[in-house]
Each structure stands twice: as C-alpha cells, then as structure tokens.
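Q: I am new to this structure and would like to learn how to read it. Could we go through a few features together?

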Amino acid sequence: MLARSRKEAGTMLRKRTGYDAACYYDGKLLGRCTKADSDAYTLLMNACGGEAARVLREYAYFSPELKAILEKAALMQADRSRMGGMFHAPKSSPWGEVQSCETLCPGVFLVSTASHGGTMVANEVAAVLSPAAKKCGFKDKGYICYEEDAQESVVLRELLDKKLWKIPDRIKDKGQFEEKLNQSIRQYHPEYWRARQSGREAAEAARSTAPAKEAAR
C-alpha cells in the first residue's frame with residue numbers, strides 16, 4: 001500500500017511540476033508555462049492595460065518562465081508602437097556615424113563606426129534588461145548604450161540568458177565565445193556578475209523547492 005502511495009504521489013508530482021499551459025500574444029506563442037503562470041499572465045496584463053513593460057516595472061516577483069514570457073511580449077509591443085511597428089536602425093551613435101548595424105532583437109542594435117562601436121538598446125525595450133545591466137550602460141538620445149570593449153558583454157549576456165538572441169552561426173566556437181563574454185564581465189563588471197549569479201541561484205532554489213511545496217499540499 002505504501003509503495004503504491006509513493007508511486008501515485010510521484011506521478012502526481014511529475015504532472016504538477018511540468019508545463020501544462022502556454023502564453024500567447026497576438027496569436028504568437030511566447031512560451032510554455034504552468035497553469036498558475038498562465039493565469040497570472042492574464043491577470044497582470046489586464047491589470048496593466050495589456051502593457052507587458054508596465055507589468056515588469058510594477059511587479060517584482062515572477063517565475064523565470066513568466067518573466068521570460070513578459071519580456072518577449074514587451075519587445076513585441078515596443079516594436080509595434082514605434083514608427084509604425086518597426087524599430088529603425090540608428091544612423092548615429094555616441095561613437096560617431098553608424099557604418100554598419102545588426103539587429104540582435106527588436107530595438108537592440110549592434111553598431112560599428114569608423115573608429116569604435118557598441119550595442120544600443122532603445123528606451124522602449126529597456127524593461128527587458130535587469131536593473132544591474134542598465135547600470136552598466138549609459139543613456140544617449142533615446143538609447144541605453146554599451147561600449148564594445150568593456151560594456152557590450154553585459155547586454156549580450158542578458159539577451160543570451162533570456163533567449164532573446166542566439167550566437168550567430170558565423171561564430172564557430174560558441175562555447176569559447178560565451179566564455180569570453182563571462183570573462184569580460186567578471187573583469188570589468190564584477191557587481192553585475194554577482195547579481196546575475198545570485199539571481200540564477202535564487203531561480204534554481206525556487207525550482208528545487210517547488211516539488212517539496214507541491215508534495216506538502
């Protein structure tokens with residue numbers, strides 16, 4: 001009887017901790033999540049007039065899955081609300097006239113000039129960046145800007161962590177590229193690195209304690 005009860009409890013536990021719902025915006029899948037997160041997404045979006053960026057600003061606590069969903073929705077909404085639904089590549093930058101520009105995700109641009117370059121994040125999509133990441137950049141004419149030598153690694157790390165950007169195929173050794181990002185951040189922005197690691201540890205702890213809380217109910 002005890003063995004059977006444990007088996008049934010284990011089955012229920014696996015079902016409860018799996019993704020049993022999903023969130024959408026304008027018919028597009030934003031991500032898989034739990035039913036509780038799906039309900040929270042609907043409730044919070046309604047409370048904030050459907051503005052995902054406002055939800056991110058006004059509420060502090062989300063599961064990692066729900067936070068990623070809200071960040072994707074905020075990017076989509078910002079892209080639509082600006083200039084007829086499309087962010088235009090900047091023509092000028094803090095480092096001079098832009099000679100080449102690559103869109104990493106809506107509103108986030110990797111730019112090069114004759115002498116220097118960096119990454120520019122439009123103010124409308126700044127809500128997808130963590131407070132620690134924002135502190136590493138500087139504001140200039142509607143953008144948060146990150147120098148290519150020491151600051152850019154922070155915003156690239158953020159986009160990778162949140163699955164808003166992926167390392168392009170032209171970079172063959174993606175593991176080495178990612179490790180160089182981490183090394184640069186540890187050297188130039190140790191406070192950001194500590195904040196990132198602390199956040200990841202807290203998210204992992206939340207995931208590990210969730211099954212115990214479900215089993216105790």
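This is a predicted model: local features need pLDDT of at least 70, side-chain atom pairs count only at pLDDT 80 or more; totals for chains, interfaces and linings use all residues.

Q: What does "buried" mean, and how buried is Cys 145?

A: A residue is called buried when its relative accessible area is under 20%. Cys 145 has 0% relative accessibility, so it counts as buried.

Q: Which strands pair with E9, and in what sense?

A: Two strands pair if at least two bridges are found between them. Strand E7 (residues 117–122) pairs with E9 in the antiparallel sense, over five bridges. To find this pairing on the model, look for Gly 118, which stands opposite Glu 147 in E9. Strand E8 (residues 138–140) also runs antiparallel to E9, and three bridges join these two. Here you can look for Lys 139, which faces Ile 144 of E9 as its opposite residue.

Q: How many residues lie between E8 and E9 in their hairpin?

A: There are two residues between them, and Lys 141 is in the turn.

Q: What should I look for in the backbone angle phi of Lys 141?

A: Start with the general idea: most residues other than glycine have a negative phi. Lys 141 has a positive phi of about 50 degrees, although it is not a glycine. Its place is in the loop between E8 and E9.

Q: Is Lys 141 buried or exposed?

A: Exposed means a relative accessible area over 50%. Lys 141 has 74%, so it is exposed.

Q: Where is Lys 163, and what is its phi?

A: Lys 163 is in the loop between helix H6 (152–161) and helix H7 (174–188). Its phi is positive, near 55 degrees, and this residue too is not a glycine. With a relative accessible area of 67%, Lys 163 is exposed.

Q: How many disulfides does the structure have?

A: The rule is that two cysteine sulfur atoms must lie within 2.5 Å of each other. A search of the whole structure finds zero disulfides. Take Cys 23 as a case: the nearest cysteine sulfur belongs to Cys 33 and is 3.7 Å away, so under the 2.5 Å cut-off Cys 23 is in no disulfide.

Q: Is Cys 23 buried or exposed?

A: Cys 23 counts as buried, because its relative accessibility is 2% and the cut-off for buried is under 20%.

Terms used. Residues are numbered from 1 along each chain as its sequence is written. Side-chain values use heavy atoms; hydrogens and water are left out. Helices (H or I, at least four residues) and strands (E, at least two) are DSSP runs, numbered from the N terminus. Buried means under 20% relative accessible area, exposed over 50%, partly exposed in between (1.4 Å probe, protein chains only).
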